[in-house]
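Please read the points below alongside the sequence and the coordinates. They are meant as a colleague's notes.

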Amino acid sequence: LLYTIKFEMLTCQVMRKVRYIVGRLSRLSSTSCNDSDGYAYITPSNEMPRAVPVLYPLFRGEAINKVSIGNGFVVGSYKQASGFKICAHGVNRVLQLGSSSENVLFDKKIWGIDERIVQLKSGRAHSLALTESGKVLGWGSNNMGQLGYPRETTKLLPFTAFNSSLTDICNIAVGLDNSFLLTSDGNVLSCGWAADGQTGCGSTRTLDTFTQVNIPHSVRRISSSADTTLVLCDNGKVYGWGNNEYHQISQSDEMQMVYPTEIDLSGHAIVDIAAGGSFSIFLSDKGQLLSCGFGPGTGIPPEDEVANPGLPHLVPTTHEVISVTASLDHAVGITSDHKLVRWGRGLHHKLVSETDEDLHEPEVLVQLKNSVIDVVCGPNKTCVITSEPIKSVSNLGMIEGEEEDE
């Protein structure tokens, strides 16, 4: 395949270099405050009129514990009296939904599974699920080996475990066409597309089997959403690899970082990370945000554009942030007082707003009456999971400082 056109969303307003495939959308990164079940509300689709509420119910009536958003599809897990379920809805051309029906533009599929899902991630056209016992399940496209099988195995049955030996996994992440597994002893395994060094294994050769990434320290967290991956180590050090076109990893002019490269965050104790399409976000133990890279996803206003985008800079915010997540060109955080703070590109209302305007620096929404459990970013959507069903939309998307309409 020739990857020659870079999708407009990944460029964050300005088309600087044209190199990738049309539609290289996808993926979300999810950060939880806890593992409780809740009720999912998602930003409206682009086809909906702007007069609709900022968020609308997802998987109506179910208490959701995990959600992931891919390119044109959404997956959620929940529990019913009959057991644990996974529900998928959206595009199914390459079995994104795990359904056997092909060439379906919009479909819905519900499966029963044996145990609770503790993590759920979706890429451009594939998904991973991590179960409570540490097993990994996968389905969808395998055209780049992102499911850990030979590439000719392009359409797998849903919920096929990669390998019987992969049962000690504690964290998962996906990029556009990559998958990452974190073992309980702190090792990272990767597979999938590697044109930009996305696997971190030292070359641009695509891998269709999970291969260990050589990281000098034990890892406790992974984040990816496009072609850049970040890991946070037990000792607080942060490493990145993959696409460095916008200096989202390093000040180096090298655009493909095929090996894990340490990011200089001296003076900051990092507790959370979020890898976007052209930017990287870091959260310190003091609730401060730092970023490097390019575009509104950095959270730095254009008039304050930094001279060295590869050097992490403080992002202005008025609230202490306790978790952060990102997708291709926007990011969302949860504050210590359970408010949402978001910034980046606003296309498709994904900044939880009735407008689709960009936010070049973090802006806080008023606190929801229902505590936020989780926030998930996708290429065109944002999902908020709350502790109780929201019966009124009056305070879902108000910007701080506005009067609430009771």
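The notes go from the chain as a whole to individual strands and side chains.

1. Basis of the notes. The model is predicted, so local features are taken at pLDDT of at least 70 and side-chain atom pairs count only at pLDDT 80 or more, whereas totals for chains, interfaces and linings use all residues. Residues are numbered from 1 along each chain as its sequence is written, and side-chain values rest on heavy atoms, with hydrogens and water left out.

2. Overall composition. The chain has zero helices and 29 strands, where helices (H or I, at least four residues) and strands (E, at least two) are DSSP runs numbered from the N terminus. Of its 406 residues, 59% are buried, a term that means under 20% relative accessible area, with exposed meaning over 50% and partly exposed in between (1.4 Å probe, protein chains only). Among contacts between residues at least 6 apart in sequence, 54% join residues at least 24 apart; contact here means heavy atoms within 4.5 Å.

3. A four-stranded sheet. Strands β4, β5, β6 and β7 form an open sheet in the order β4-β5-β6-β7, with antiparallel pairing, two strands being paired if DSSP finds at least two bridges between them. Because β4 (64-69) and β7 (107-113) stand at the edges with a single partner strand each, one side of each is left without a neighbour in the sheet. The twist averages 15° from one strand to the next, with axes taken as lines fitted to C-alpha atoms (for helices over the stretch in contact) and angles running from 0 to 180 degrees between N-to-C directions. Within this sheet, β4 is joined to β5 (residues 73-80) by five bridges in the antiparallel sense, and Val 67 stands opposite Gly 76 in β5.

4. Strand β17 and its partners. Six of the six residues of β17 (residues 228-233) are buried, so the strand is largely enclosed by the rest of the structure. Strand β16 (residues 219-224) pairs with β17 over five antiparallel bridges, with Ser 223 partnered by Leu 230, and a hairpin of three residues joins the two strands. Five bridges also join β17 to β18 in the antiparallel sense, Thr 228 being partnered by Gly 242 in β18. The hairpin of β17 and β18 has four residues between the strands, and there Gly 236 takes a positive phi near 90°.

5. Trp 241. This residue lies in strand β18 and is buried, with a relative accessible area of 0%. A polar atom of the Trp 241 side chain lies 2.8 Å from the backbone oxygen of Gln 198; a polar contact is a pair of N or O atoms within 3.5 Å, and within protein one must be able to donate a hydrogen and the other to accept it, while residues adjacent in sequence count only if both atoms are side-chain atoms. Trp 241 and Thr 261 are 20 residues apart in sequence, with their C-alpha atoms 6.2 Å apart.

6. Aromatic pairs. The count is three, on the rule that rings of Phe, Tyr and Trp (its six-membered ring) pair if their centres lie within 6.5 Å, with planes under 30 degrees apart called stacked, over 60 edge-to-face and the rest tilted. Tyr 246 and Phe 294 form a stacked pair, at 5.5 Å centre to centre and 15° between the planes. Tyr 246 lies in the loop between β18 (238-243) and β19 (256-262) and Phe 294 in the loop between β22 (289-293) and β23 (313-315), so the pair ties together parts that are 48 residues apart in sequence.

7. Cysteines. There are zero disulfides, a disulfide being a pair of cysteine sulfur atoms within 2.5 Å. The sulfur of Cys 191 has its closest cysteine sulfur in Cys 201, at 9.4 Å, which is too far for a bond. Cys 383 is likewise in no disulfide, the nearest cysteine sulfur, that of Cys 377, being 10.0 Å away.
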